[in-house]
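I opened my notebook to get to know a new structure. Here is what I looked up, in the order I went.

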Amino acid sequence: MHVDLGGVLGATPGVSRDSLERLDEQVATAHERIAAGRDDHERGYAALNLPARVDLDAIRSAVAPFTDAEAVLTVGIGGSALGAATLADALAGPDDPDVYVLDNVDPEHVPRLLDSLPLERTAVNVVSKSGTTAETLSNFLVVREAMADAGVDWTERTVVTTGESGNLRALADAHDLPSLPVPDGVPGRFSVLSPVGLAVAAIQGHDLDAIRAGAAEAADSLSGSLFETPAYAYGAAAYALANRGATTNAMMPYAERLETFAEWFAQLWAESLGKDGLGQTPTRALGATDQHSQLQLYRAGPREKLVTLLRPTDRPACPIPETDLEGLSYLGGSTLGDLLDAEFDATGASLAASGVPVIRVEIDGIDERSLGALLYGMEAACVLYGELAGVSTFTQPAVEWGKRAARGLLGGGEFEEAEAVEERTSLRIDP
Ligand SMILES: O=P(O)(O)OC[C@H]1O[C@H](O)[C@H](O)[C@@H](O)[C@@H]1O
C-alpha cells in the first residue's frame with residue numbers, strides 16, 4: 001500500500017509538512033503502545049498479529065467438503081460479513097462459485113434469494129463471533145429450514161465460524177459441523193484476516209498464503225514514523241484532518257472490485273473511531289461513476305471532507321476501439337484502464353484546485369497479496385488514529401445499546417433500552 005499525502009498539504013482544512021513532523025512524535029508514542037499491545041496479545045491489538053497466527057491449513061480443511069460448491073452463502077452481519085464479501089468481490093474469478101451474503105433480515109429479500117439458489121450445491125458459511133446476533137441466527141434458522149424443505153441435509157452443507165461459546169458453537173458441536181474459531185481478542189471488524197474473512201476465499205480457491213504474505217509485509221513495515229509507514233501516514237493524516245474540520249472521509253476506489261472494500265472500511269472507521277463526540281464519518285463512493293454524482297458536493301460543498309482516492313496501479317488491458325467519429329478519436333488507441341487512471345488523476349487535481357484535502361492510496365493490483373496488505377494497512381491506520389484520538393478503538397457500546405433494545409422488544413429479556421423505544425417522541429404527519 002502506497003500513500004501520497006501531497007494533496008493534504010495546501011488544502012483547507014489541510015495539514016502542513018511542519019504539522020506532520022510534530023505529529024510524528026505522537027505517532028512514535030502511539031506505535032510503542034501498539035507494539036506493546038501486539039506483544040501482549042491484548043484485546044484489539046491482537047488483530048495486528050493475525051497474519052502470523054492464523055492456521056491456514058485448518059481453514060482449508062474445514063472448507064474441503066465445499067470446494068465443488070456452485071454457490072457460497074455467507075450468513076453474518078457487520079464484521080462477520082463485510083471482510084468475506086470484500087475478499088470475494090475483489091478476487092472473484094470466472095470459474096469461482098457465486099458468492100452471496102445474507103447480512104440483513106429483509107423478509108422480501110431472504111426468501112427470494114433462497115429460492116434462487118441451488119441449495120443442494122450451496123455451501124452455507126455461518127459466521128458470528130458472539131454466536132448470539134439476532135439477525136444472523138434468525139437468518140440461519142430460515143436457511144436451515146429452506147434446505148430441509150428442499151430435501152437437503154443442511155448439516156452436510158454448513159461450515160460455522162464462531163467464538164468459543166454461544167449458541168452457534170453449541171449448534172456446531174451438537175451437529176458435528178466443521179467449524180473454525182474467531183481468534184481471541186479480535187473484534188469482528190478487525191477479523192478479515194482470520195477464518196471470518198478467509199473461509200470464503202478458501203472455498204473459492206484463492207491463495208490464502210499470498211493474502212497472509214501481503215498482510216505480513218504491511219505488518220513488517222510498521223515503524224515509529226509516519227514518514228516510513230504508509231498505514232500510519234494514512235491514519236495520522238486522517239486524524240489531523242478530522243481535528244481541523246474534515247469530519248467526513250469519502251472512500252473512493254477507482255475499481256469496481258473494490259466497491260465492497262469501501263463498505264468494509266466504513267464499518268472499521270465508524271465503529272472504531274466514533275466515540276466521545278469524536279470520529280470521522282466514512283462515506284462510500286466509486287470512481288469514475290460517482291464523479292458524475294457525488295463530486296460536485298465534494299468539490300463545492302461544505303468544507304468538512306477528506307477524499308481518499310484508491311486505485312490499483314496494475315489493471316488488465318481493455319483497448320478502446322478506434323473510431324472515425326472525429327469528436328471521439330482521442331479515445332481510440334487507449335484503454336479503459338488509461339481512461340480510469342486519467343479520471344483518477346483529474347479528480348485528484350480538481351479537488352486539489354479547490355483546496356479539498358485528498359489522500360491517494362495505491363495498491364499494486366487487485367490480487368491476494370495486495371488485498372492482504374491493504375486490509376492490514378487500513379486496520380493499522382485505524383488503530384493508530386484511535387491511539388492519537390485517545391478513544392476506545394475496540395469497543396462499540398452504542399451498537400450494543402441498539403442490540404439490547406431490539407432484543408427487549410422481541411421479548412428476549414428485560415432491557416431498559418427497550419423502554420426508551422416505547423417512550424419515543426412522535427410528531428407524525430398523516431395524509
Ligand atoms: O460476529 P457477531 O458477534 O455476530 O457480531 C456482528 C456484528 O455485531 C455488531 O453489530 C457489532 O457492532 C459488529 O462489530 C459486529 O461485527
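Predicted model: local features only at pLDDT ≥ 70, side-chain atom pairs only at ≥ 80, totals over all residues.

My entries below go from a sheet to a loop serine and then to some annotated positions.

**Entry 1**

I began with the strands and found an open sheet of five, in the order E1-E10-E9-E7-E8, with mixed pairing. Its edges are strand E1 (2-4) and strand E8 (281-284), each of which pairs on one side only. On average, neighbouring strands here are turned by 20 degrees against each other, direction ignored.

Next I followed one pair up close. Strand E7 (residues 248-253) runs parallel to E8, and four bridges join them. Asn 249 is the residue I found standing opposite Pro 282 in E8.

I also asked myself which strands helix H15 (residues 368-389) lies across. I noted E7, strand E9 (305-312) and strand E10 (358-363), with the helix running at about 145 degrees to E10.

**Entry 2: Ser 194**

Then I turned to a loop, the one between strand E6 (179-181) and helix H9 (195-203), where Ser 194 lies. Is Ser 194 buried or exposed? Its relative accessibility is 0%, and buried means under 20%, so Ser 194 counts as buried.

I looked at what surrounds Ser 194. Not counting residues up to four places away in sequence, it touches Leu 50, Val 54 and Pro 183.

**Entry 3: the annotated positions**

I checked the UniProt record, an unreviewed entry, which places the feature "active site" at Glu 271, His 292 and Lys 403. Where do they sit relative to one another? They span 133 residues in sequence and the farthest two C-alpha atoms are 37.2 Å apart, so they do not all gather at one spot. From this set, Glu 271 and Lys 403 belong to the lining of the largest pocket.

I took Glu 271 up next and found it in helix H12 (residues 259-273). Setting aside neighbours within four places in sequence, I listed its contacts as Arg 189, Thr 393, Thr 395, Gln 396 and Val 399. With Arg 189, the side chain of Glu 271 makes a polar contact of 3.0 Å.

Lys 403 was my last stop, in helix H16 (residues 397-409). I noted that Lys 403 counts as partly exposed because its relative accessibility is 39%. The side chain of Lys 403 has a polar contact of 3.4 Å with that of Thr 133.

Notes
Residues numbered from 1 in each chain as written. Heavy atoms only, no water. Pairing = 2+ DSSP bridges. Helix = DSSP H or I, 4+ residues; strand = E, 2+ residues; numbered from the N terminus. Axes fitted to C-alpha atoms, helices over the stretch in contact; angles between N-to-C directions. Contact = heavy atoms within 4.5 Å. Buried < 20%, exposed > 50% of the residue type's maximum accessible area, 1.4 Å probe, protein only. UniProt positions renumbered as here; feature names shortened; annotations may be inferred. 1 Å grid on protein atoms, 1.4 Å probe; cavity = no way out; pocket = protein on both sides within 12 Å on 5 of 7 lines; lining within 4 Å. Polar contact = N/O pair within 3.5 Å; in protein donor to acceptor, adjacent residues only side chain to side chain.
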